[in-house]
Amino acid sequence: MKRFLKALLKVLKWAGILLLSLIIILLIVRFIGKLHYNKTPDGGINETMYIDVNGQEQWLNIYGEDINNPVLLYLHGGPGCSTSFADWKVLRKLAGDYTVVNWDQRNSGLTRIHDPQDTEITPELMRQDIDAVTEFILDYMHRDSLTIMGMSWGTKYGADLAVRHPEKVDCLICLSLATDEYADNYIDQAILDYTEGRIDFRTAIDTYGYELFLFYDPYKATQDIALHKKFYEGNKLAWLELTENDEEYRALLDNYDPLAYVEYYHDQSNKELEKKAIAAGRIEEKLGKQYGYDLFGGSFDGADISPAAAIFFNPYYSISDWARFRYSGYDDETGDRILSDFSMSEITEFEMPFYVLQGEKDSHCGADRKYVEQVNAPDKAFRTVKGGHVATMTRSEELAAFIHEIREKQVR
């Protein structure tokens with residue numbers, strides 16, 4: 001027994017030494033990487049600071065390869081969901097065209113870590129914050145106006161600023177547009193147009209996209225059981241078209257009965273119908289992984305950056321910061337209140353160019369395309385990339401090319 005314990009202690013000793021050595025090596029690699037990525041480009045800028053914004057010290061990073069380039073303010077999503085833990089790697093790919101300002105909004109990311117507060121977050125306070133930050137950037141960088149690039153919630157935040165202060169915004173770039181109420185109302189009307197026979201299946205697909213049948217359901221639009229059945233007949237037709245040249249996934253449709261959803265919805269106490277609906281749901285889940293529409297499913301599929309490497313070598317986060325990091329800074333009630341107040345549904349007039357990059361598998365892609373068609377602006381464009389809601393950032397090379405095109409237009 002003593003011999004066994006002695007051998008065990010020896011093994012644990014060497015395991016501990018190996019583990020400690022690995023940790024030390026990783027820390028050294030991270031330290032060297034941080035030093036490298038924290039360098040300031042020749043003729044450029046790389047400054048990190050906390051500035052007072054209506055009583056809270058909020059985090060900013062300003063990075064660019066040429067300090068004379070125009071300034072771009074990036075607005076992260078959420079509200080309250082900073083991505084500064086990894087987005088620096090993406091934003092640096094834009095630094096040849098713009099001096100990029102990354103800002104962790106109120107109680108988000110490094111702002112929350114540095115100066116956590118329990119102040120009530122209201123739409124009025126959010127507007128005061130972005131006004132103050134914009135004014136600071138313009139003064140600090142000696143500019144009269146800047147470009148806004150918003151991601152998801154940031155598109156609403158940026159559009160609101162652009163409408164209130166068009167003299168300060170020379171271009172509005174929206175990644176994964178968040179029109180919310182417009183998209184929801186538009187989809188509900190599209191469902192009724194199809195189920196009530198005003199448009200046929202082909203027109204519905206060509207106008208609204210496959211996501212009309214594959215991401216939404218008809219229950220909010222109507223309570224008519226016949227219309228529910230008509231909708232789910234369209235659902236199966238959509239799957240049949242998408243799997244036309246894929247024998248493996250087409251075979252799943254032999255046992256797929258989407259009308260089970262309708263029957264169970266109208267008789268939810270029936271256990272047999274519940275089993276049928278669950279079976280249909282399992283088949284649809286398999287189909288959805290390959291062909292479906294989702295906000296965040298397959299978030300990093302096709303990404304041309306490594307999120308793990310971006311996090312590990314982040315030059316702006318310390319180990320202590322990581323220990324205190326929390327992704328979402330707002331509760332659901334606060335987030336819903338802000339999203340509702342910043343609705344883009346009625347905003348279609350912009351005094352500056354308006355550009356949108358959207359994931360083609362984003363659940364709102366078709367509706368957002370129709371929204372952009374309604375927009376009046378000096379110039380506008382709607383471009384898609386493969387993937388869902390976050391693909392507009394994770395496919396960073398395509399994003400950089402899109403931003404470069406916009407920069408070229410601004411120069412001309």
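Buried residues are those with under 20% relative accessible area, exposed residues those with over 50%, and partly exposed residues those in between (1.4 Å probe, protein chains only). The structure is a predicted model, in which local features need pLDDT of at least 70 and side-chain atom pairs count only at pLDDT 80 or more, while totals for chains, interfaces and linings use all residues. Residues are numbered from 1 along each chain as its sequence is written, and side-chain values use heavy atoms, with hydrogens and water left out.

The protein chain contains 18 helices and eight strands, assigned as DSSP runs (H or I of at least four residues for helices, E of at least two for strands) and numbered from the N terminus. Its C-alpha atoms fill a box of roughly 80 × 65 × 45 Å along the principal axes. Of its 412 residues, 50% count as buried. Contact is defined by heavy atoms within 4.5 Å; among contacts between residues at least 6 apart in sequence, 76% join residues at least 24 apart.

Helix 4 (residues 123-140) comprises 18 residues and spans 26 Å from its first C-alpha to its last. This is close to the 26 Å expected at 1.5 Å a residue, the expected span being 1.5 Å times one less than the number of residues. Its buried residues are Pro123, Leu125, Met126, Arg127, Asp129, Ile130, Val133, Thr134, Ile137 and Leu138. An α-helix has 3.6 residues a turn, so residues three or four places apart point the same way. Histidine 142, which follows helix 4, has a positive phi, near 55 degrees.

Angles under 35 degrees count as roughly parallel, over 145 as roughly antiparallel, 65 to 115 as roughly perpendicular and the rest as oblique. Helix 4 and helix 5 (residues 153-164) pack at about 70 degrees, with their axes 11 Å apart, and are therefore roughly perpendicular to each other. Helix 4 contributes Met126, Arg127, Asp129, Ile130, Asp131 and Thr134 to this contact, and helix 5 contributes Trp153, Tyr157, Asp160, Leu161 and Arg164. These residues divide into five nonpolar, one polar and five charged, where Ala, Val, Leu, Ile, Met, Phe, Trp, Tyr, Cys and Pro count as nonpolar, Asp, Glu, Lys and Arg as charged, and the others, Gly among them, as polar.

Helix 4 also packs against helix 15 (residues 332-341) at an angle of about 70 degrees, with the axes 9 Å apart, which makes helix 4 roughly perpendicular to helix 15. Here Pro123, Met126 and Arg127 of helix 4 meet Arg337, Ile338 and Asp341 of helix 15. The contact residues divide into three nonpolar, no polar and three charged.

Helix 9 (residues 225-242) and helix 12 (residues 271-291) pack at about 50 degrees, with their axes 12 Å apart, which makes helix 9 oblique to helix 12. Asn235, Trp239 and Leu242 in helix 9 meet Glu284, Leu287, Gly288 and Tyr291 in helix 12, a set divided into four nonpolar, two polar and one charged.

Isoleucine 305 lies in the loop between helix 12 and helix 13 (307-312) and, at 15% relative accessibility, counts as buried. Leaving aside neighbours within four places in sequence, isoleucine 305 contacts Lys89, Val90, Lys93, Thr394 and Ser396. The C-alpha atoms of isoleucine 305 and arginine 395 are separated by 7.6 Å, although the two residues are 90 apart along the chain.

How values were computed
Axes fitted to C-alpha atoms, helices over the stretch in contact; angles between N-to-C directions.
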